[in-house]
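Open the model in your viewer and keep the selection tool at hand. The stops below go from one side chain to its partner and then onward.

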Amino acid sequence: MKALKARYFRGVDCKDAAVLRAVFADGAETDFRSESPTGDPAFHQHDPDAFVQNTLHILEGVDTMHLGFMPEIEFLSDDEAQARWPMSDRLWLRPDAPARLPFLTLEGWGWYHDRYRRDATGWKIVSTRLQRAKVIVG
(Lines give C-alpha, C1' and ligand atoms only; values in the text may rest on other atoms or scores of the structure.)
Protein backbone atom coordinates (compact mmCIF):
# COMPACT_ATOMS: atom_id res chain seq x y z
CA MET A 1 0.00 0.00 0.00
CA LYS A 2 2.91 2.35 0.61
CA ALA A 3 4.14 1.76 -2.94
CA LEU A 4 0.58 2.22 -4.25
CA LYS A 5 0.22 5.60 -2.53
CA ALA A 6 3.67 6.61 -3.78
CA ARG A 7 2.51 5.83 -7.34
CA TYR A 8 -0.61 7.94 -6.74
CA PHE A 9 1.52 10.94 -5.75
CA ARG A 10 3.92 10.33 -8.65
CA GLY A 11 1.02 10.09 -11.10
CA VAL A 12 -0.32 13.46 -9.93
CA ASP A 13 3.05 15.23 -9.76
CA CYS A 14 4.34 13.87 -13.08
CA LYS A 15 0.92 14.35 -14.72
CA ASP A 16 0.97 10.69 -15.79
CA ALA A 17 -2.61 9.61 -16.48
CA ALA A 18 -1.79 5.91 -16.90
CA VAL A 19 0.09 5.70 -13.59
CA LEU A 20 -2.62 7.65 -11.77
CA ARG A 21 -5.52 5.63 -13.18
CA ALA A 22 -3.79 2.31 -12.43
CA VAL A 23 -3.88 2.89 -8.66
CA PHE A 24 -7.71 2.95 -8.58
CA ALA A 25 -10.22 0.13 -8.66
CA ASP A 26 -13.03 0.53 -11.18
CA GLY A 27 -15.79 2.63 -9.62
CA ALA A 28 -13.49 3.98 -6.89
CA GLU A 29 -14.79 6.88 -4.83
CA THR A 30 -12.75 10.11 -4.87
CA ASP A 31 -13.86 12.78 -2.39
CA PHE A 32 -12.08 16.10 -2.74
CA ARG A 33 -14.91 18.37 -1.59
CA SER A 34 -12.42 19.87 0.87
CA GLU A 35 -10.72 21.47 -2.15
CA SER A 36 -13.82 23.56 -2.86
CA PRO A 37 -14.73 26.50 -0.60
CA THR A 38 -18.39 25.51 -0.95
CA GLY A 39 -17.93 21.72 -0.69
CA ASP A 40 -18.97 21.41 -4.34
CA PRO A 41 -20.48 17.93 -4.89
CA ALA A 42 -18.74 17.79 -8.31
CA PHE A 43 -15.55 17.07 -6.34
CA HIS A 44 -17.08 13.79 -5.08
CA GLN A 45 -17.09 11.11 -7.76
CA HIS A 46 -17.31 7.37 -8.29
CA ASP A 47 -15.54 7.50 -11.65
CA PRO A 48 -11.74 7.22 -11.48
CA ASP A 49 -11.40 7.89 -15.22
CA ALA A 50 -13.17 11.24 -14.81
CA PHE A 51 -11.15 11.99 -11.66
CA VAL A 52 -7.87 11.47 -13.52
CA GLN A 53 -9.00 13.54 -16.50
CA ASN A 54 -10.31 16.39 -14.32
CA THR A 55 -7.28 16.41 -12.01
CA LEU A 56 -4.78 16.59 -14.85
CA HIS A 57 -6.87 19.25 -16.61
CA ILE A 58 -6.98 21.46 -13.50
CA LEU A 59 -3.24 20.97 -12.89
CA GLU A 60 -2.18 21.84 -16.44
CA GLY A 61 0.63 24.37 -16.14
CA VAL A 62 0.98 23.74 -12.40
CA ASP A 63 4.10 22.27 -10.79
CA THR A 64 3.16 20.12 -7.80
CA MET A 65 4.82 18.17 -5.03
CA HIS A 66 2.76 15.84 -2.85
CA LEU A 67 4.18 14.02 0.16
CA GLY A 68 2.55 11.29 2.22
CA PHE A 69 4.18 9.87 5.33
CA MET A 70 3.70 7.85 8.52
CA PRO A 71 0.55 5.97 7.41
CA GLU A 72 -1.70 4.34 9.97
CA ILE A 73 -2.66 1.16 8.09
CA GLU A 74 -5.34 -1.18 9.41
CA PHE A 75 -6.01 -4.53 7.75
CA LEU A 76 -9.71 -5.32 7.77
CA SER A 77 -9.26 -8.74 6.12
CA ASP A 78 -6.69 -10.48 3.93
CA ASP A 79 -7.89 -8.41 0.96
CA GLU A 80 -9.18 -5.16 2.50
CA ALA A 81 -7.46 -2.38 4.39
CA GLN A 82 -7.80 1.27 5.30
CA ALA A 83 -5.22 3.93 6.03
CA ARG A 84 -4.86 7.49 7.19
CA TRP A 85 -1.94 9.31 5.57
CA PRO A 86 -0.62 12.61 6.92
CA MET A 87 0.22 14.68 3.86
CA SER A 88 1.58 17.96 2.62
CA ASP A 89 1.51 19.44 -0.83
CA ARG A 90 2.79 22.49 -2.68
CA LEU A 91 1.52 23.90 -5.95
CA TRP A 92 3.13 26.59 -8.09
CA LEU A 93 1.40 27.99 -11.18
CA ARG A 94 3.77 28.60 -14.06
CA PRO A 95 3.42 31.99 -15.82
CA ASP A 96 1.88 30.26 -18.86
CA ALA A 97 -0.65 28.24 -16.82
CA PRO A 98 -4.33 28.45 -17.83
CA ALA A 99 -6.32 30.45 -15.25
CA ARG A 100 -8.09 27.47 -13.66
CA LEU A 101 -6.99 27.97 -10.05
CA PRO A 102 -7.66 31.04 -7.88
CA PHE A 103 -4.08 31.35 -6.56
CA LEU A 104 -0.45 31.42 -7.72
CA THR A 105 0.92 29.16 -4.97
CA LEU A 106 -0.58 26.77 -2.45
CA GLU A 107 0.97 25.02 0.52
CA GLY A 108 -1.28 22.58 2.34
CA TRP A 109 -1.36 19.98 5.09
CA GLY A 110 -3.87 17.37 6.07
CA TRP A 111 -4.74 13.70 5.78
CA TYR A 112 -5.79 11.26 3.11
CA HIS A 113 -8.32 8.68 4.29
CA ASP A 114 -8.07 5.67 1.97
CA ARG A 115 -9.68 2.27 1.65
CA TYR A 116 -8.03 -0.52 -0.33
CA ARG A 117 -8.95 -3.83 -1.86
CA ARG A 118 -6.63 -6.49 -3.21
CA ASP A 119 -7.57 -8.27 -6.42
CA ALA A 120 -5.67 -10.53 -8.83
CA THR A 121 -3.51 -7.58 -9.95
CA GLY A 122 -2.66 -6.34 -6.44
CA TRP A 123 -3.85 -3.59 -4.10
CA LYS A 124 -6.09 -0.81 -5.47
CA ILE A 125 -7.62 2.29 -3.93
CA VAL A 126 -11.40 1.86 -3.63
CA SER A 127 -11.96 5.21 -1.91
CA THR A 128 -9.91 8.26 -1.04
CA ARG A 129 -10.90 11.41 0.81
CA LEU A 130 -8.72 14.45 1.44
CA GLN A 131 -9.19 16.27 4.75
CA ARG A 132 -7.37 19.60 4.96
CA ALA A 133 -5.97 20.90 8.25
CA LYS A 134 -4.36 24.09 6.90
CA VAL A 135 -3.87 25.80 3.55
CA ILE A 136 -1.77 28.86 2.74
CA VAL A 137 -2.29 30.44 -0.68
CA GLY A 138 -0.42 33.22 -2.39
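Select aspartate 79 to begin: in this predicted model it is partly exposed, at 36% relative accessibility (buried means under 20% relative accessible area, exposed over 50%, partly exposed in between, with a 1.4 Å probe and protein chains only). Numbering starts from 1 along each chain as its sequence is written. Local features need pLDDT of at least 70 and side-chain atom pairs count only at pLDDT 80 or more, while totals for chains, interfaces and linings use all residues, and side-chain values use heavy atoms, without hydrogens and water.

Aspartate 79 and arginine 118 form a salt bridge, with the closest N and O atoms 3.1 Å apart (a side-chain nitrogen of Lys or Arg within 4 Å of a carboxyl oxygen of Asp or Glu). Aspartate 79 sits in the loop between β4 and β5 and arginine 118 in strand β6 (residues 105-119), so the pair ties together parts 39 residues apart in sequence.

Next, select residues 72-77, strand β4, and residues 80-93, strand β5: they pair in the antiparallel sense over five bridges. Strands are DSSP runs of E, at least two residues, numbered from the N terminus, and two strands pair if DSSP finds at least two bridges between them. A hairpin of two residues joins β4 to β5, and serine 77 has glutamate 80 in β5 as its bridge partner.

Move to aspartate 26, which is exposed at 69%. Its salt-bridge partner is arginine 21, at 2.6 Å between the closest N and O atoms, and arginine 21 is buried at 17%.

Note on methods
Helices (H or I, at least four residues) and strands (E, at least two) are DSSP runs, numbered from the N terminus.
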